Amino acid sequence: MKTEPVILIVEDDEGHAILIRENLELAGLKNPVLHFRDGQAILDFFFDHSGKAVRGHDGTYLILLDIRMPKVD
């Protein structure tokens, strides 16, 4: 069974994140969406504290990434 990719929004501006999510829904996408507010949060999602990957092999992700982020960009 094929699963839909999870959409990861990495955006520090809450208003922009809401706008992205609303436009994805208006386009008819029903994929799960997760929102991360800074660069470190998305790194923590994919890697543990030792740098070992904890996600990525068990699913497909689409990352919508703001290029100027707090903490890590």
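Colleague: Leaving aside neighbours within four places in sequence, which residues is H35 in contact with?

Modeller: This is a predicted model, in which local features need pLDDT of at least 70, side-chain atom pairs count only at pLDDT 80 or more, and totals for chains, interfaces and linings use all residues. Residues are numbered from 1 along each chain as its sequence is written, and side-chain values use heavy atoms, with hydrogens and water left out. Contact means heavy atoms within 4.5 Å. With neighbours within four places set aside, the contacts of H35 are I9, E11, E14, A17 and R21.

Colleague: In what order do the elements of the protein chain run from the N terminus on?

Modeller: Helices (H or I, at least four residues) and strands (E, at least two) are taken as DSSP runs and numbered from the N terminus. The protein chain has two helices and three strands. From the N terminus on, their order is β-α-β-α-β.

Colleague: Does H35 count as buried or exposed?

Modeller: H35 has its place in strand 2, residues 33-36. Buried means under 20% relative accessible area, exposed means over 50%, and partly exposed is in between, with a 1.4 Å probe and protein chains only. Because its relative accessibility is 19%, H35 counts as buried.

Colleague: How far is the backbone oxygen of E11 from a polar atom of the side chain of H35?

Modeller: E11 sits in the loop between strand 1 (6-10) and helix 1 (14-26). A polar contact is a pair of N or O atoms within 3.5 Å; within protein, one must be able to donate a hydrogen and the other to accept it, and residues adjacent in sequence count only if both atoms are side-chain atoms. From the backbone oxygen of E11 to a polar atom of the H35 side chain, the distance is 2.8 Å.

Colleague: Which side chain of opposite charge is nearest to E11?

Modeller: For charge, Lys and Arg count as positive and Asp and Glu as negative, while His and the chain ends are not counted. A salt bridge is a side-chain nitrogen of Lys or Arg within 4 Å of a carboxyl oxygen of Asp or Glu. E11 is buried and has no salt bridge. At 9.8 Å, its nearest side chain of opposite charge is R37.

Colleague: With which residue does R37 form a salt bridge?

Modeller: The count comes to one salt bridge. R37 lies in the loop between strand 2 and helix 2 and its partner in helix 1, so the pair ties together parts 23 residues apart in sequence. R37 is partly exposed, with a relative accessible area of 46%. The closest N and O atoms are 2.9 Å apart, and the partner is E14.

Colleague: Which residue caps the N-terminal end of helix 1?

Modeller: Helix 1 has 13 residues and reaches 18 Å from its first C-alpha to its last, close to the 18 Å expected at 1.5 Å a residue; the expected span is 1.5 Å times one less than the number of residues. At its N-terminal end, a side-chain oxygen of the capping residue lies 2.8 Å from the backbone nitrogen of G15. The backbone nitrogen of that residue also lies 3.0 Å from a polar atom of the side chain of E11. The cap is D13.

Colleague: How are the rings of F45 and F46 arranged, and at what angle are their planes?

Modeller: Rings of Phe, Tyr and Trp (its six-membered ring) pair if their centres lie within 6.5 Å; planes under 30 degrees apart count as stacked, over 60 as edge-to-face and the rest as tilted. The structure holds four aromatic pairs. The centres of F45 and F46 are 5.0 Å apart, so with this plane angle the pair is edge-to-face, at 85 degrees.

Colleague: How far apart are the ring centres of F45 and Y61?

Modeller: F36, F45, F46 and Y61 form one aromatic cluster. The planes of F45 and Y61 stand at 90 degrees, so this pair is edge-to-face. The pair links F45 in helix 2 (residues 39-46) with Y61 in strand 3 (residues 61-65), 16 residues apart. Their ring centres are separated by 5.7 Å.

Colleague: At what distance does the side chain of N31 reach the backbone oxygen of P5?

Modeller: N31 lies in the loop between helix 1 and strand 2 and is buried, with a relative accessible area of 15%. N31 and P5 are 26 residues apart in sequence, with their C-alpha atoms 6.5 Å apart in space. The N31 side chain reaches the backbone oxygen of P5 at 2.9 Å.
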